[in-house]
Amino acid sequence: MKGDLFISASAGTGKTYTISKRYLEIFEEAFQAGEEISVGEVAAITFTRKAAGEMKRRIVEGIREKTDPRWTGLLYSIPFAWIGTIDSFAGRILAENGALAGIDPGLRVEAAAGSSALVRRVALRTVWENEALAEPILRVAGLDDLLGALAVGVDGRGKVIAARPAGAVEGGLPLVEDPASAASLAEANRAFLELFRRFDGARRREMDRLGQTDFLGVLLALRDLLLDSPALRARLSGQFRYIIVDEFQDTDHLQKEIVDLLRGRKTRVVYVGDAKQSIYRFRGAEVEVFAEARREVEAGSGTVLELSTNYRSHPGVLDFANRLFAGIFDGAGISGGPEYSPVIPLPVAGKTGDLPRARILFHPEDEGKAAALFIRRMVGREFDFLDRKEDGSGGVNLVPERRKVRYRDFALLLRKLRGGTGDRYAKALREMGIPCYVVGEAGFFDLPEVRGLVSILKVLADPADDLAMTAALLSPAVGLDLQDLARLKARAKAKAIAGEGETDPEGRPRSPPTGSPGAPLFDALGGIEEGDLSPERARRVGRLREVLENFADRKELLTPSAILEEAAELLDYEAHLALADPLRRRTANLRKLMDSSKALDGAGLSLREVIERLDGSGLEDVEPASVEGEETDAVKVMTVHKAKGLEFPIVIVAETSWSDPATPPPFLLRRGGDGGSGPIFSLLPEEKAGEGTFLSEMAEEERRREAEEEERSLYVAATRARDLLAITLSGPKRRGARPWRDLLASIVSGEDGNPEVTPAFLGVLEVVRAADLEPGEDGPAPGGEGSAILPDLTLIDPMEVEDGSLRISPTRLVDPEEHQPFRPGRPPLASLRRQSWR
Ligand SMILES: Nc1ncnc2c1ncn2[C@@H]1O[C@H](COP(=O)(O)OP(=O)(O)OP(=O)(O)O)[C@@H](O)[C@H]1O
């Protein structure tokens, strides 16, 4: 290969497969030419750690097939290979060379701008410590919106710092029609920018204190190091012969700049991606960078490769996808959107039934129900799945494999899990006896159930730590909301003024710290009055107070795990969590926290040190407790983002009528392409702006960009299916429904009551109506008799393991006749069984 390589190809065409192969070919070519080559000379940058792991696995498999001893040497050096995400890549270079720039080699790189727990904590503190600044903002927006906007600001990669304050007039257009609003908006904007500056400073200091840097921080540090140190740059750019970047459509200018700085005269860069799959705009991805790289490669002596054979999906799935997406991607659009070229299926050796391979699952109101009925109908039936087999002459065929459908063949993909959408679908499935689990998004220490208990420990260590108290009160341990909290804060303020509450729980006199807006929240706990909180919440606050008092004078005598155990027990935490947690995921996480804290017991750490450890500094990677694994026979519910790069036999794209109550956002944030034009925050709801104003124009552009992102997310979702693709649909379009629904308008008509496949999709798409899947009054549902186990994962029971502790087993399904595990609010067994077996 000469020059750079640009591989642009649709989903399922073997991009990831090709890169792993390419990696091996690089060594093969060098070995054959008798050249020395080491893993240090080839960098492969992947998008997620999971993808890096998968790539290493494939490479190791490839090497094992070789017999030449030079490959054995390579095998042993694979652990040192440069295969990983861009931030781990940058982190490694900094760790190895950072001393030059005075960078701490022990620096920990966090995936995000600090954990979201950290961001939220610092945001809250900033707002409270800067009440005067926050006030004009809170006059036009809610506290939640403000906290959200601060967080969005850091997700926007800090560019906000360079923002110019939005005045009343911008670019010749008025900001809003009404001058009074314009004035208050301008004031709020100015205040917000200052508040953000303080917040971002505090966030950086907090991360520094914890020895962390963030994703952006590490990339900026590397770029600056390369710019400031020509010697290092010369050495590194001589080091890499190849730089391969996967998922390049989700990159941004800064990452491209780093690749450019690292390349030497002899370096070849391989860009791989699919502009149709760029779905990380919210995190700063700039799909335009992909197009620019392509132009660069074309203009140089490089090669542009388009892959068009799809190795993933049944021809029937592809036939449908080709028609749908040819209509959606037309090469137009504001970001110079991609054009669709149809993919070609692999040949199928033999005949497959079960056509067509694309289905619309229709229910007049409830998409969850449509999905559940369909899954129930399918499971246990014989179905033609496809396997890939080499055809003997270097090609690959799809070979039918007839077998029964299992729950784990299904992945149900949602645009967002936010706002309980995931739980809503899980509930719809479970109500029909379908085992399922929601693949989580948050890191372990961000989980509310975990954060709650750790915060309680913090309050114990320092009762005046209002932030920890806030987190504890908002966590499921107590369950207050922001309004409750505001009332408590008002009480604390009143107490401070009245001069009460001068002692802390240990009897020491205490006055509110200077500049603090009131007495610590702790003091307010005892002074709650009727009407402040609902009786249940007041009761739980009372419990928390008892717990804190109970430990006040014993905390140094107990081990941290003993405190956690006892606190959980006093709060009746496990049972409380179990109420809304039929899968016992939360309780499993609680156990995991207990186990981690036990591991720290022997280390002789102080309570504060234990808290630092448990607070998640550097532990963000910890996964939530795994209640189930890939092998569990259950339907997976997950977001499109989580499903990226993955594939499943049967995919149900659900919540197509999803609407987002948070849109239009009260905060409008615009990021300039390469930092040129700074972002502008608007704190007024967009509808107040009026037509022809600057704000409304910005909103319109934002909407168009969002709409394009929606097209791409639908594409990613639909292209995960191997054997069957189903899309749910419900009645008439709702207000505020997002673009997915419109994008599907070309495939069915008359969806309000009786949807029909449009002529263009006849033969490749079938409408499955929920009404036809509802079991009749008598007799079992068709296909239902096939399932061999009682299909209800809610019956999973903790199981005792050798050390006497209770664990949750992924596979242990309890026989309902013999065993009745504790589950508050569970329906009587008889009705449950009827539901499941009908
Ligand atoms: N040449 C090949 N021979 C056999 N199987 C292949 C080949 N190329 C790809 N595959 C298989 O086809 C599937 C899709 O490949 P891969 O995941 O590499 O595609 P991709 O282009 O990265 O997809 P996406 O963009 O959707 O992530 C995988 O299961 C992969 O193992």
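Does Ser10 count as buried or exposed, and why? In this predicted model, Ser10 has 28 C-beta neighbours inside 10 Å. A residue is buried if 20 or more other C-beta atoms lie within 10 Å of its own. Ser10 therefore counts as buried.

Ser10 is located in the loop that runs between β1 (5–9) and α1 (15–32). Not counting residues up to four places away in sequence, Ser10 touches Asp274, Lys276, Asn310 and Val343. Gly14 lies in the loop between β1 and α1 as well, but it counts as partly exposed because it has 17 C-beta neighbours inside 10 Å. With neighbours within four places in sequence left aside, the contacts of Gly14 are Leu307 and Tyr311.

The protein chain as a whole has 838 residues, of which buried residues make up 44%. It contains 29 helices and 27 strands. Among contacts between residues at least 6 apart in sequence, 77% join residues at least 24 apart.

The largest nonpolar core holds 130 residues, and within it Ala371, Leu412 and Leu413 touch the most other members. Domain 1 (5–109 + 216–307) and domain 3 (344–442 + 629–661 + 712–773) both contribute residues to this core, so the core lies between them. Not counting residues up to four places away in sequence, Leu413 touches Met638, Val640, Ala643, Val651, Ile652, Val653, Ala654, Ala717 and Arg720. Another core, of 41 residues, lies apart from the largest one; among its members are Leu460, Ala468, Ala471 and Leu544.

A helix pair was also examined. Helix α21 (residues 560–570) packs with helix α23 (residues 585–601) at an angle of about 155 degrees, and their axes are 7 Å apart. Angles over 145 degrees count as roughly antiparallel, so α21 is roughly antiparallel to α23. On the α21 side, the contact is made by Pro560, Ser561, Leu564, Glu565 and Ala568. On the α23 side, the contact is made by Leu590, Leu593, Met594, Ser597, Lys598, Leu600 and Asp601.

Definitions and conventions: Residues numbered from 1 in each chain as written. Predicted model: local features only at pLDDT ≥ 70, side-chain atom pairs only at ≥ 80, totals over all residues. Core = buried A, V, L, I, M, F, W, Y, C linked by C-beta atoms within 7 Å. Buried ≥ 20, exposed ≤ 12 C-beta atoms within 10 Å, placed from the backbone. Domains from an automatic or database assignment. Contact = placed C-beta atoms within 7 Å. Helix = DSSP H or I, 4+ residues; strand = E, 2+ residues; numbered from the N terminus. Axes fitted to C-alpha atoms, helices over the stretch in contact; angles between N-to-C directions. Parallel < 35°, antiparallel > 145°, perpendicular 65-115°, else oblique.
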